[in-house]
Amino acid sequence: MVYNDQQLRILDILPRVSAALSILGSLFIIYQVLKNPKKSEMVYHRQMLILSCTDFLYSAVWFVGSWPAPGSGWCTANAFVGLMTAVPQAMFNAALCLYYLFTIRYKWSEVQMRRLQPLLIAFPFVVGLVSAILPLAAGMINPGLNGLCWVVEAPSGCSGTDCIPAQQYYDLFLVIALIIPLWTSFAVALVAMFFVYVTVSKDAQNDSANQAPAGFLWFAQREAGQDVSSQARSRRMARQAFWYLVNFFLTYVFSTTAVIMEIVGSQSPFALKFLQFMFYPDKKV
C-alpha cells in the first residue's frame, strides 16, 4: 500500500497538532512545579517534573518532524533526541505508578520514596541513552516517511542484506530496544495499578462516612464535597494514575502494531498510521 499525497500531508500535519497540545500540557506542569519551591522538593512533583520534561522533548521532536532536510545533521539530531526520550517516557510513567503503589498500598513515607527516586530517574535515562547511541553509531538513523528521520532501513526500499546494515539488525533493534522496554513498562504500570485499585476499592467500601463513591467503578465517579481525608487523597491519586495508564496504552498500541506489521513485511494501512501519528506525541491531552 502506497500513501497518496493527501494522506502523506495529513500524516505530516497531524502529529504536529498533537505535539503542540502535549508541549503546552508539559509546560503547564513544569511551570506549576517550579513556581512552588515546596513542590519541587516533593517526590511526586519531582517525578512529574522529570516526566513532563521528557514529554516536552519527545513532543518537540514530533513537532519539528520533517522540517530538517532529510539526511542532514539536524534530522539525525532530531531522531537522536526522539530515541533518547521514547523509552524513558514509558519508564517514567511506570515509575509514577510505582510511586502510587508504594504510597497508597504500602504506605511508604516521603523519606522512603526519596531513597528510591534516584533509581527511578537514573535507570530510564541510561536506557534512553543506550537506545539512541547504538543506532547512531551503527548508521541506522535514516529518513523515513515524509523525510522524518528514525530507525529506518537504508537505502530506501532495501530488504535483507541489501540494507546497510542488514535488515535483521533494524528489526532486532526495534524489538529489543524499543518494543520490549515499552511494553515491559506498561506491564509494570498495569500490575502496580491493579494492586492500587484493589486497595483503594476496599477503602472506598469502608469509607461511607466520607461519602466515597460506591462500587468497584469508583475511579469513574465524581466525589461530592471537599473530602480531604487520606482515603480521598488516595482515590484522587489513583484516579489520575488510571487515566494516565489509559493514555499510556493508546500512545503505544498503534505504533507497536505498525512496527510489527512492517517487521513481518506488511505496510500499515492508512487508518493505523493515522491513529499512530495522532496519539504518539500525545501525553497530556
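Which residues form one aromatic cluster? W183, F186, F248, F249 and Y252 do. Before going further, a word on the model.

This is a predicted model, in which local features need pLDDT of at least 70, side-chain atom pairs count only at pLDDT 80 or more, and totals for chains, interfaces and linings use all residues. Residues are numbered from 1 along each chain as its sequence is written, and side-chain values use heavy atoms, with hydrogens and water left out.

Start with the overall layout. The protein has eight helices and two strands. From the N terminus, the order is α-α-α-α-α-β-β-α-α-α. Helices (H or I, at least four residues) and strands (E, at least two) are DSSP runs, numbered from the N terminus. Of the 285 residues, 48% are buried. Buried means under 20% relative accessible area, exposed over 50%, and partly exposed in between (1.4 Å probe, protein chains only). The protein exposes about 14200 Å², with carbon and sulfur atoms supplying 68% of it. These areas come from the Shrake-Rupley method with a 1.4 Å probe; for residues, only the protein chains shown count as cover. Among contacts with a separation of 6 or more, 71% join residues 24 or more positions apart. A contact means heavy atoms within 4.5 Å.

Now the aromatic rings. The structure holds 18 aromatic pairs. Rings of Phe, Tyr and Trp (its six-membered ring) pair if their centres lie within 6.5 Å; planes under 30 degrees apart count as stacked, over 60 as edge-to-face and the rest as tilted. Y44 and Y100 make a tilted pair, 6.1 Å centre to centre with 50 degrees between the planes. Y44 sits in helix 3 (residues 43–64) and Y100 in helix 4 (residues 73–105), so the pair ties together parts 56 residues apart in sequence. Y44 is buried at 15% relative accessible area. Y100 is buried at 0%. The ring centres of W183 and F186 are 5.3 Å apart and their planes lie at 70 degrees, so this pair is edge-to-face. Both residues are in helix 6, three residues apart, which is about one helical turn. W183 is partly exposed at 22%, whereas F186 is buried at 12%.

Stay in helix 6 (residues 167–205), which also holds T199. T199 is buried, with a relative accessible area of 12%. Its side chain makes a polar contact with the side chain of R105 at 2.9 Å. The T199 side chain also reaches the backbone oxygen of F195 at 2.9 Å. A polar contact is a pair of N or O atoms within 3.5 Å; within protein, one must be able to donate a hydrogen and the other to accept it, and residues adjacent in sequence count only if both atoms are side-chain atoms.

Charged pairs come last. Side chains of opposite charge can pair when their charged atoms come close. The structure holds three salt bridges. Each is a side-chain nitrogen of Lys or Arg within 4 Å of a carboxyl oxygen of Asp or Glu. R16 and D12 meet at 3.2 Å, N to O. Both lie in helix 1 (residues 5–34), four residues apart. R16 is buried at 10%, while D12 is partly exposed at 24%. E110 and R114 form a salt bridge, with their closest N and O atoms 4.0 Å apart. K273 bridges to E262 at 3.2 Å between the closest N and O atoms. K273 lies in helix 8 (residues 270–279) and E262 in helix 7 (residues 230–263), so the pair ties together parts 11 residues apart in sequence.
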